[in-house]
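Thanks for coming, everyone. Please have a look at the screen.

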Amino acid sequence: MAQQKVIVTCAVTGSVHTPTMSPYLPITPDQIAAESIAAAEAGASILHLHARDPQTGRPTAEPSVFMQFLPRIKQSTDAVINISTGGSSLMSLDDRLAASLLAEPEMCSLNMGSMNFGIFPLAKPGTEWKNAWEPELLEATRSTVFKNTFADIESILKRLGDGCGTRFEFECYDVGHLYTLKHFHERGLVQGPLFIQFVLGILGGIGADVENLVHMKRIADKLFGDEYRFSVLAAGRAQMSLITTGAAMGGNVRVGLEDSLYLGPGELAKSNADQVSRIRLILKGLSLEIASPTEARAMLSLKGGDRVAF
Ligand code: KMH
Ligand code: ZN
């Protein structure tokens with residue numbers, strides 16, 4: 001699909017990083033709302049959101065926590081709200097879907113395959129953890145599977161897609177996930193314009209390097225032709241360089257503290273908006289313009305911010 005403006009997604013908190021890793025990781029509904037609004041003001045047209053237990057910072061799927069920040073973000077920005085259905089790899093599918101089924105957002109993430117999702121290397125020996133759950137959760141990913149079976153994916157497509165008019169950020173962590181998406185496309189269960197997120201650098205998925213990004217795009221071009229748009233996220237230190245490469249290749253970009261806590265080598269990002277501003281500057285240097293929320297809605301055929309249930 002011909003390059004138009006670049007959609008900047010910001011993934012504000014996620015479920016990968018833990019409070020000890022950065023004092024800037026938003027935890028409470030107040031913090032998640034403030035960080036989301038600032039990211040939108042800096043230029044993010046899509047906000048990808050998870051929730052955390054306000055007391056402990058542990059990822060939670062509790063709809064009542066989501067409902068403490070979703071309406072506030074909606075009232076203060078025009079950005080598209082995209083709720084994670086991945087949650088964390090330790091949550092059940094029903095838990096992962098509960099907030100989205102209640103909120104009926106314009107967008108949700110949809111993870112295109114079961115996989116290992118190893119974040120245990122983030123637990124550095126000798127760390128003085130703020131909470132006991134942090135190293136426990138990281139370590140648990142050594143022996144758990146992030147479950148997204150064909151039946152799970154079909155259920156999400158039917159319940160959220162057909163049931164709520166929600167469209168998806170299809171999270172593809174490896175080339176096989178593109179073929180799984182093609183399977184659903186051929187069955188008519190997903191329709192273009194597809195928004196495919198190439199997820200690079202998760203331990204268990206494809207590595208964060210340019211050859212893999214080029215390969216993902218080549219295969220997506222072959223499978224989906226003009227019926228898709230791609231975006232790039234890269235975990236950790238590869239974040240900025242690979243999303244910049246993705247933008248130069250005609251794609252969209254995702255930033256945010258879910259994907260990397262850093263702004264540069266050894267420099268923690270003090271906010272999500274810092275990362276949005278950084279990529280915005282880079283895009284300007286590439287003579288690329290960012291898409292407004294209205295433009296992003298048109299590019300992705302979204303139902304509109306007035307048709308959600310929060
Ligand atoms: N944490 C990212 C690598 C989801 O929320 O559904 C992928 C993600 C998954 O954002
Ligand atoms: Zn996420």
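I call a residue near a molecule if one of its heavy atoms lies within 4 Å of it. And please keep in mind that this is a predicted model.

So, the ligand. Which residues come nearest to ligand 1? There are 13 residues around ligand 1, and H50, S84, S109, N111 and E258 come nearest.

Now the polar atoms. The side chain of S109 places an N or O atom 2.6 Å from an oxygen atom of ligand 1. For E258, a polar side-chain atom lies 2.7 Å from a ligand oxygen. For R254, the distance from a polar side-chain atom to an oxygen of ligand 1 is 3.0 Å.

R254 takes us to our next residue, Q239. Among the residues that Q239 touches, beyond four places in sequence, are R254, V255, G256 and D259. Q275 is on that list too. The side chains of Q239 and Q275 are joined by a polar contact of 3.3 Å. Where is Q239? It sits in helix α8, residues 239-248. Is Q239 buried or exposed? Its relative accessible area is 2%, so Q239 is buried.

Stay on helix α8, which also holds L242. L242 is buried as well, because its relative accessible area is 3%, under the 20% cut-off. Again leaving out residues up to four places away in sequence, L242 touches L200, A208, D209, V210, L213, V232 and A234. Take V210. L242 and V210 are 32 residues apart in sequence, yet their C-alpha atoms are 6.9 Å apart in space.

Next, the nonpolar interior. In soluble globular proteins, nonpolar side chains tend to be buried together. Here, the largest nonpolar core has 71 residues. Which residues have the most contacts inside it? They are L47, L178 and F198. Helix α7, residues 210-224, gives this core its largest share, six residues. There is also a second, separate core of 19 residues, including L25, W133, F146 and V199.

Back to L47. Setting aside neighbours within four places in sequence, L47 is in contact with C10, V12, S36, A39 and A40, among others. I73, T77 and A79 are also among its contacts. Look at S36 there. S36 belongs to helix α1, residues 29-42. With 0% relative accessibility, S36 counts as buried.

Now the rings. How many aromatic pairs are there? The count is eight. Take F168 and F170. Their ring centres are 5.8 Å apart and their planes are at 45 degrees, so this pair is tilted. Both residues are buried. Then F224 and Y228. Here the centres are 6.1 Å apart and the planes are at 55 degrees, so this pair is tilted too. F224 counts as buried at 4% relative accessibility. Y228 is buried at 3%. Ring pairs link F224 and Y228 with F198 and F230 into a cluster. And F198, remember, was one of the residues with the most contacts inside the largest core.

The charged end of K74 sits over the ring of F310, 5.7 Å from the ring centre.

That's my tour. Over to you for questions.

Key. Residues numbered from 1 in each chain as written. Chains lettered and ligands numbered in written order. Predicted model: local features only at pLDDT ≥ 70, side-chain atom pairs only at ≥ 80, totals over all residues. Heavy atoms only, no water. Core = buried A, V, L, I, M, F, W, Y, C linked by side-chain atoms within 4.5 Å. Buried < 20%, exposed > 50% of the residue type's maximum accessible area, 1.4 Å probe, protein only. Helix = DSSP H or I, 4+ residues; strand = E, 2+ residues; numbered from the N terminus. Contact = heavy atoms within 4.5 Å. Phe/Tyr/Trp six-rings, centres within 6.5 Å; stacked < 30°, edge-to-face > 60°. Lys NZ or Arg CZ within 6 Å of the ring centre and 35° of its normal. Polar contact = N/O pair within 3.5 Å; in protein donor to acceptor, adjacent residues only side chain to side chain.
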